[in-house]
Amino acid sequence: DHEDKHLIDLLNKLLEFNPNKRIKSYEALDHLYVSNLNDIDMDNESNFTIHLENMYKLNYDKAAIQSLYWDEIRYFHPNLPEDNPSISSSQGMVRDSSVFKFA
């Protein structure tokens with residue numbers, strides 16, 4: 001089947017170990033396997049700009065990064081407790097009801 005051959009070809013190109021030989025995102029979008037999914041009418045430029053200059057000036061410690069992750073997780077799982085569970089690399093993770101707790 002031609003569709004299967006196109007899928008295997010795309011996967012091989014996406015999973016190429018050497019990044020210099022790997023297919024680029026714009027090339028993948030033009031690949032025969034997904035070409036029918038691309039709607040040129042929906043390809044619009046965004047109406048905003050993301051400035052990353054200040055991102056590299058941020059200096060978060062481990063606890064701050066954990067807190068940011070916990071806030072992001074809670075956004076999608078609001079039933080979780082507000083407090084960020086205490087995490088230590090020497091502690092194991094134990095499942096307790098719907099929340100992962102660290103023992």
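Biologist: How many salt bridges does the count come to in this predicted model?
Modeller: A salt bridge requires a side-chain nitrogen of Lys or Arg within 4 Å of a carboxyl oxygen of Asp or Glu. In this predicted model, the side chains of aspartate 9 and lysine 13 meet in such a bridge, at 3.2 Å from N to O. By this rule the count comes to one salt bridge.

Biologist: Where do aspartate 9 and lysine 13 lie, and how are they separated?
Modeller: Both residues belong to helix α1, which covers residues 2–14. Because they are four residues apart in that helix, the separation is about one helical turn.

Biologist: Is lysine 13 buried, partly exposed or exposed?
Modeller: Buried means under 20% relative accessible area and exposed means over 50%, with partly exposed in between. Lysine 13 has 35% relative accessibility, so this residue counts as partly exposed.

Biologist: Which residues make the nonpolar surface patch of about 600 Å²?
Modeller: Residues in a patch have over 30% relative accessible area. Leucine 68, in helix α3 (residues 62–76), has a relative accessible area of 43% and is partly exposed. The patch is made by Leu58, Tyr60, Ile65, Leu68, Tyr69 and Ile73.

Biologist: How many aromatic pairs are counted, and what is the arrangement of tyrosine 75 and phenylalanine 76?
Modeller: The count comes to one aromatic pair. Tyrosine 75 and phenylalanine 76 form this pair, with 5.0 Å centre to centre and 85° between the planes. Planes over 60 degrees apart count as edge-to-face, so the arrangement of tyrosine 75 and phenylalanine 76 is edge-to-face.

How values were computed:
Residues are numbered from 1 along each chain as its sequence is written. This is a predicted model: local features need pLDDT of at least 70, side-chain atom pairs count only at pLDDT 80 or more; totals for chains, interfaces and linings use all residues. Side-chain values use heavy atoms; hydrogens and water are left out. Helices (H or I, at least four residues) and strands (E, at least two) are DSSP runs, numbered from the N terminus. Buried means under 20% relative accessible area, exposed over 50%, partly exposed in between (1.4 Å probe, protein chains only). Patches are made of residues with over 30% relative accessible area and no salt bridge: like charges are joined within 9 Å, nonpolar side chains (Val, Leu, Ile, Met, Phe, Trp, Tyr) within 5 Å. Accessible areas come from the Shrake-Rupley method with a 1.4 Å probe; for residues, only the protein chains shown count as cover. Rings of Phe, Tyr and Trp (its six-membered ring) pair if their centres lie within 6.5 Å; planes under 30 degrees apart count as stacked, over 60 as edge-to-face and the rest as tilted.
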